[in-house]
Amino acid sequence: QMLIKVFSSPVTADQYASVLSKAVFVRLCLLLLVLIPPFFIAYSTKGLWLREEFYQEQPDVRFTRELIVLLHGSAPHSILTWSTLPSYNRLLQTRIRVPLFKFYEEDTNQDGMMDYIDFSMEFPMQTDDDVTHVTCLLLHQVKLSKHALVTLSGMSYLDYAATGPGHAIHFSG
């Protein structure tokens, strides 16, 4: 025979305890443990389901006192050079001209990070030397420290070519 359910009633058992009992205390602690930590997790991870985030940070840039300078003359293959790297100077000994080199870094807004570098170089030139093209490579150390702890090596590339020989050049930036 086939039976059909006509009526059902769930069996429930209700249990009661006073407000100051251990069972109420445990239930309240578990409820707080389930509700409060997700808010702290979401706040500390800067939001849930974050797809993109942008931030700006001024890097701490320091001149490492390493540079290479190339002075090109108007004649082909007439190059004079100098570097603060001894291995580079040993490599090109016959083309070295040692300049008077001065530099200083300045923090104009007093925030602890250098804002610009001022440097000058004076090369001893002979009467038959003419310079029409100057290339300078300056190496820097770049540090980011707010959101990402990163230290990088950077390079400034300065290049100037003139139509005729000159005796001075000024870069700003």
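Reader: In which strand is Asp118 found?
Author: This is a predicted model, so-called secondary structure included. Asp118 touches Lys102, Phe103 and Tyr104, leaving aside residues up to four places away in sequence. The strand that holds Asp118 itself is β4.

Reader: Is Asp118 buried, partly exposed or exposed?
Author: The relative accessible area of Asp118 is 33%. Buried needs under 20%, and exposed needs over 50%. Asp118 falls in between, so its class is partly exposed.

Reader: How far apart are the C-alpha atoms of Asp118 and Ile68?
Author: Along the chain, Asp118 and Ile68 are 50 residues apart.

Reader: What is the volume of the largest pocket?
Author: The lining of the largest pocket draws at least two residues from each of β1 (60-72), β4 (116-122), β5 (131-144) and β6 (150-166). The volume of the largest pocket is about 1,100 Å³.

Reader: Which lining residues lie nearest the centre of the largest pocket?
Author: The lining of the largest pocket has 40 residues. Those nearest the centre are Phe119, Met121, Ile169, His170 and Phe171.

Reader: How many residues in the lining of the largest pocket are nonpolar?
Author: The lining also has 11 polar residues. Another 7 are charged. The nonpolar count is 22.

Reader: Which side chain makes a polar contact with the side chain of His140?
Author: His140 has its place in strand β5. Beyond four places in sequence, His140 touches residues including Val61, Phe63, Leu152 and Ser156. A polar contact needs N or O atoms within 3.5 Å. At 2.7 Å, the polar contact of the His140 side chain is with the side chain of Ser156.

Reader: Is His140 buried or exposed?
Author: Buried means under 20% relative accessible area. His140 has 11% relative accessibility, so His140 counts as buried.

Reader: How many disulfides are there?
Author: A disulfide needs two cysteine sulfur atoms within 2.5 Å. By this rule the count of disulfides is 0.

Reader: What is the relative accessible area of Cys136, and is Cys136 buried or exposed?
Author: For Cys29, the value is 36%, and Cys29 is partly exposed. Cys136 has a relative accessible area of 3%. That is under the 20% cut-off, so Cys136 is buried.

Reader: What is phi of His77?
Author: His77 sits in the loop between β1 and β2 (79-83). His77 is exposed, because its relative accessible area is 72% and the cut-off is over 50%. His77 is a residue other than glycine, yet its phi is positive, near 60°.

Reader: What is phi of Gln110?
Author: Gln110 belongs to the loop between β3 (100-106) and β4. Gln110 is exposed, with a relative accessible area of 65%. Its phi is positive in a residue other than glycine, with a value near 55°.

Reader: How far apart are the C-alpha atoms of Gln56 and His147?
Author: Gln56 is in the loop between α1 (22-44) and β1. Gln56 is exposed, at 78% relative accessible area. His147 is 91 residues from Gln56 along the chain. The C-alpha atoms of Gln56 and His147 are separated by 9.4 Å.

Terms used:
Residues are numbered from 1 along each chain as its sequence is written. This is a predicted model: local features need pLDDT of at least 70, side-chain atom pairs count only at pLDDT 80 or more; totals for chains, interfaces and linings use all residues. Side-chain values use heavy atoms; hydrogens and water are left out. On a 1 Å grid over the protein atoms alone, a cavity is a set of points where a 1.4 Å probe fits but cannot get out, and a pocket is an open set with protein on both sides within 12 Å along at least five of seven lines; lining residues have an atom within 4 Å of a point. Grid points are joined across faces, edges and corners, and a volume is the space filled by probe spheres set on the points. Helices (H or I, at least four residues) and strands (E, at least two) are DSSP runs, numbered from the N terminus. Ala, Val, Leu, Ile, Met, Phe, Trp, Tyr, Cys and Pro count as nonpolar, Asp, Glu, Lys and Arg as charged, and the others, Gly among them, as polar. Buried means under 20% relative accessible area, exposed over 50%, partly exposed in between (1.4 Å probe, protein chains only). A polar contact is a pair of N or O atoms within 3.5 Å; within protein, one must be able to donate a hydrogen and the other to accept it, and residues adjacent in sequence count only if both atoms are side-chain atoms. Contact means heavy atoms within 4.5 Å.
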